[in-house]
Amino acid sequence: MNRHHAFTNGYAASKKRDDDLYHPYSDRGDLENKYIWGMPDLVEDEKHDSSFSRSRKFEPRKKALHNRSRLLRLAIAIILTIAAIVYFLFPSANLSLLSSNTVASQEYFDIETLRYYDLEDVQGTSVGWEREERVLLCTPLRDAAPHLPMFFAHLRNFTYPHHLVDLAFLVSDSKDDTEALLSQMLEAQQNDPDSTQPYGEISVIHKDFGQAVGQDVESRHGFAAQASRRKLMAQARNWLLSAALRPYHSWVYWRDADVETCPFTIIEDLMRHDRDIIVPSESNHQSLLNCLNATDLSRHLASVA
């Protein structure tokens with residue numbers, strides 16, 4: 001077969017056929033733009049419409065800028081979501097960022113098993129009854145059944161608001177019915193028709209400390225028994241205080257069950273002195289030795305009592 005002299009290698013003839021076949025895409029630049037920007041092909045009537053070529057100029061979409069702004073908004077939304085999750089699910093992580101103790105205390109309320117106490121205003125003053133300060137009355141009991149009726153008679157006559165006084169009893173090393181009688185008298189006290197009689201919270205604790213010294217005067221106050229007896233007494237009283245004391249108590253009033261006479265205003269009287277620790281004076285030689293240091297003055301007071 002003879003070839004045309006102008007197309008010695010056949011390339012021009014093939015290129016002409018390709019141009020005729022792919023005429024709509026003869027411009028390589030148009031093909032690249034359509035591929036990059038996703039431009040649809042023009043239909044045949046639009047290709048030959050002279051008005052279309054004048055009115056519809058090629059304007060590539062601002063797709064890259066749109067995608068960039070959308071990614072930015074998505075990143076901000078993710079950061080805010082993570083911050084909200086950390087804030088609500090892990091409140092303890094926010095405590096280091098809080099400068100106010102009041103704001104920090106509010107975070108604790110989200111923990112169901114945690115108790116928070118604001119002790120800023122809890123303090124003992126000389127006018128506790130006006131400020132509604134709570135008092136913890138502690139009484140250790142050992143074979144105290146004979147003294148309980150007199151003890152509860154005093155309780156009924158206390159002038160300090162009863163609902164502001166919490167009672168704590170430690171029954172230890174008893175051989176009589178102290179604990180049973182105590183429960184009966186407490187029930188009667190709390191169910192009294194007089195609305196001013198019931199006391200606040202009441203704790204009755206049973207724990208033996210191995211006290212073997214007798215309750216008669218000779219055994220209790222004999223010199224030979226003092227060391228072991230007072231050691232166990234101190235342990236019992238410390239144990240009662242640590243078990244019953246609460247953060248909201250402003251005062252602790254120790255009251256023995258066998259005290260026969262005492263002013264009904266004793267709690268207010270002691271408060272008025274506005275001291276951290278105060279002990280009433282008793283006209284008993286041994287009691288004076290319990291309350292005072294061994295000084296010349298204490299020995300003189302004990303000798304004239």
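Reply: Asp-256 forms a salt bridge with Arg-237, and the closest N and O atoms of the two are 3.0 Å apart. Asp-256 lies in the loop between β4 (249-254) and α11 (266-272), while Arg-237 belongs to helix α10 (residues 226-244), so the pair ties together parts that are 19 residues apart in sequence. A salt bridge here is a side-chain nitrogen of Lys or Arg within 4 Å of a carboxyl oxygen of Asp or Glu, and helices (H or I, at least four residues) and strands (E, at least two) are DSSP runs numbered from the N terminus.

This is a predicted model, in which local features need pLDDT of at least 70 and side-chain atom pairs count only at pLDDT 80 or more, whereas totals for chains, interfaces and linings use all residues. Residues are numbered from 1 along each chain as its sequence is written, and side-chain values use heavy atoms, with hydrogens and water left out.

Both partners count as partly exposed, with a relative accessible area of 31% for Asp-256 and 23% for Arg-237. Buried means under 20% relative accessible area and exposed means over 50%, with partly exposed in between (1.4 Å probe, protein chains only).

Arg-255 is found in the loop between β4 and α11 as well, but Arg-255 is buried and has no salt bridge, since the nearest side chain of opposite charge, Asp-258, is 7.7 Å away. Leaving aside residues up to four places away in sequence, Arg-255 touches Leu-137, Cys-138, Thr-139, Pro-140, Phe-151, His-154, Phe-158, Cys-262 and Ile-266, where a contact means heavy atoms within 4.5 Å.

A search of the whole structure finds five salt bridges, and among them is the one between Arg-134 and Asp-166, whose closest N and O atoms are 2.6 Å apart. This pair links distant parts of the chain, with Arg-134 in strand β1 (residues 134-141) and Asp-166 in strand β2 (residues 165-171), 32 residues apart. Arg-134 is partly exposed at 21%, whereas Asp-166 is buried at 2%. Arg-131 and Glu-133 form another salt bridge, with closest N and O atoms 2.6 Å apart; there Arg-131 is partly exposed at 36% relative accessibility, and Glu-133 is buried at 3%.

Strands β1 and β2, together with α7 (148-157) and β3 (202-206), are included in what covers the buried residues of α8. Those buried residues are Thr-178, Leu-182, Leu-186 and Gln-189. They cover an arc of only 60 degrees around the axis, which puts them on the same side of α8; the arc is that of the directions from the helix axis to the C-beta atoms. The face of α8 turned away from this buried side carries the exposed residues Gln-184, Glu-187 and Ala-188.

The protein chain averages a pLDDT of 76, and 60% of the residues score at least 70, pLDDT being the predictor's confidence in each residue, from 0 to 100. Over residues 1-8 pLDDT stays under 50, and the model has four contacts beyond four places in sequence for them. Where pLDDT is low, the predicted coordinates should not be read in detail.

Key
Lys and Arg count as positive and Asp and Glu as negative; His and the chain ends are not counted.
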